[in-house]
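Here is a colleague's note, written as numbered points, to be read beside the sequence and the model. Please keep both open and find each residue as it comes up.

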Amino acid sequence: MNKLHGLTAVALAVAVAACGGGGGSNDEGPIPLTVPKASCGAGDKVETALQGQVPAAMRAAGFTGFNCNLQLAGQSRGDGGNWQSTQFVDKAGHKCGYHGTGAVTAGRTQLGVRALDLTNSANPTHTVSLTTPAMLDPWESLKVNERRQMLAADNGKNGAGGPEVDIYDLSGDCRFPQLLGSVQVGTAADGGAVTTPIIGHEGSWAPDGLTYYGGGRTVPNNYYAVDTTNPTKPKLLLAWLPPKSASGGRTHGLSISDDGNRGYFTQIGTGNLDPALAAVNGLFILDLSDIQSRKANPQVRVIGELYWKDGATAQHTINVKIGGKPYIIFVDEAGSNGVTNTASVTAACNAGMVPFPYARIIDIADEKAPKIVSRVMLETHDPANCAKVIPDIAGLAIFTYGSHYCSVDNRQNATTLACGYFNSGIRVFDIRNPLRPKEIAYYNPAGVATASPGSNHAQFGGTDAVGNGKPDWCSAQVHLDAPSASLWTTCQDNGVLVLKFTNGAWPFPESSTPAGMQN
């Protein structure tokens, strides 16, 4: 299972069942193609069709939402949200959240990143909007570094932004971040050698907070490392291309090891169904020790690679330990044939391939030979169900039943995975046995009557995404909190949602989420 390429539905099922030795036992029998459904409580409004599905008739009538073992505890819609959220708890105990909004559109009342006081979960309160260049539309780059108590973003705009990196201080009152620096990185303005200005889209900190890494997603399609030792003067250290850039591979999300010496990077492949063409989409692991040690003329070196064709538009990674063993949670943004509109999905289905993207768990105990051990697929992902789901996405432009961003309860001892699966809502999974993830809860918010002006849903979603009760896009990171048995996130038209676990579904007895472990 080291390299999976053109898998049909039958071949994929066989491959999944064969995944042994990656961190769990097969004593329970063959591993199913899709994760087991959650067992819901008596008062829950459970899904009426396939796992993850909002049927076409329900969409047409105005979607009123589903929930299983999660209930709404608080909400702050504002102008809506877009792609990313992050959080921080300050020394006074204020729990703060931050989320992006879309670029300037008609009807906006508050531009930029919204800072929120989440201390009272029943009443998430907007405190201030951050409107420096990178914060006007940070796309997926908005991240907190706990160690140095800083918030950063690059200027996203879906790879069409400028070279700015903005850094804010959270060490005082996190409800009111203080600007440290806003610098055009990769230009003369950053004080280094003049190079190609960086392009924003994605980003992530090294855990020590001394380096911020980003990926541009569009030309020049490079990754870059930014020195943030002095956060008032961020400076470009190095930029480089992904391994298969000559074959169309592009950049997106990433994560960094605790010591800063390893990077777990995504390489975007656009998706193709031709078995004669090599897979481009997937994971590559880099040695970043030259950057971490600030070696002169640093270089990055590829340690391991893993590519596949049952997914595309690689989105991001999370480096975790489950039961003391190292894994990568890897999330795609597109299905086997690329973007998930009707034509793309139909072609994938006709080829017996998985139509929508999903998260997968990758064993990296041997970092030179990473291997997939499980796939976090819902029933909507099963090619056998294509005829039931294709009518649901008529007129939609992109995403639909796919994954986007995930998080875990504790990277050092991950037990729980929570993901935004766009039209399938927020999904929560038990990953204590990484070979056999199983669903424990979901919340798919009701559609809104009118689209939110800070959301990208109506802009990119197609004819079924302009309000009138259509299913929302849940696309941002989900933040789990074991002490309060809750989570918060954003969905694009519903804005900030604080959800409470019910029926004893979570946390697990061994779950623990210290402040700052997941931001």
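1. Tryptophan 473 has a relative accessible area of 2% and is therefore buried, where buried means under 20% relative accessible area, exposed over 50%, and partly exposed in between, with a 1.4 Å probe and protein chains only. The model is a predicted one, in which local features need pLDDT of at least 70 and side-chain atom pairs count only at pLDDT 80 or more, while totals for chains, interfaces and linings use all residues. Residues are numbered from 1 along each chain as its sequence is written, and side-chain values use heavy atoms, with hydrogens and water left out.

2. Which residues share an aromatic cluster with Trp473? The cluster is formed by Trp83, Trp139, Phe399, Phe422, Phe460 and Trp473. Rings of Phe, Tyr and Trp (its six-membered ring) pair if their centres lie within 6.5 Å; planes under 30 degrees apart count as stacked, over 60 as edge-to-face and the rest as tilted. By this rule the count comes to 20 aromatic pairs. Phenylalanine 422 and tryptophan 473 make an edge-to-face pair, with 5.3 Å from centre to centre and 85 degrees between the planes. This pair links distant parts of the chain, 51 residues apart, since phenylalanine 422 is in the loop between β24 (416–420) and β25 (426–430), and tryptophan 473 in the loop between α6 (457–460) and β27 (479–481). Helices (H or I, at least four residues) and strands (E, at least two) are DSSP runs, numbered from the N terminus. Phenylalanine 422 is buried too, its relative accessible area being 0%.

3. Another ring has a charged neighbour: arginine 432 lies over the face of phenylalanine 508, at 3.8 Å from the ring centre. A charge sits over a ring if NZ of Lys or CZ of Arg is within 6 Å of the ring centre and within 35 degrees of the ring normal.

4. Turning to the whole chain, there are six helices and 29 strands, and 61% of the 519 residues count as buried. A compact globule with 519 residues would have a radius of gyration near 24 Å, and the chain has 21 Å, which agrees; the radius is taken over C-alpha atoms, and the globule rule is 2.2 Å times the number of residues to the power 0.38. The C-alpha trace spans about 55 × 50 × 45 Å along its principal axes. Among contacts (heavy atoms within 4.5 Å) between residues at least 6 apart in sequence, 61% join residues at least 24 apart.

5. Helix α4 (residues 342–350) deserves a careful look, and its buried residues are Ser344, Val345, Ala348 and Cys349. Seen down the axis of α4, these residues fall within an arc of 130 degrees, so they line one face of the helix; the arc is that of the directions from the helix axis to the C-beta atoms. An α-helix has 3.6 residues a turn, so residues three or four places apart point the same way. The buried residues of α4 pack against α5 (386–389), whereas the face turned away from the buried side carries the exposed residues Ala343 and Asn350. Just after α4, glycine 352 takes a positive phi of about 75 degrees.

6. Not counting residues up to four places away in sequence, alanine 348 touches Leu273, Asn337, Met353, Val354 and Pro355. Pro355 is also touched by threonine 380, a buried residue with a relative accessible area of 0% that is found in the loop between β22 (371–376) and α5.

7. A cis peptide bond joins valine 219 and proline 220, with omega about 15 degrees, and proline 220 has its place in the loop between β12 (211–215) and β13 (223–227). Arginine 217 lies in the loop between β12 and β13 and has a positive phi of about 75 degrees although it is not a glycine. The peptide bond from tryptophan 506 to proline 507 is cis as well, with omega near 10 degrees. Threonine 400, in the loop between α5 and β23 (405–408), has a phi near 50 degrees, a positive value in a residue other than glycine, and counts as buried at 1% relative accessibility.
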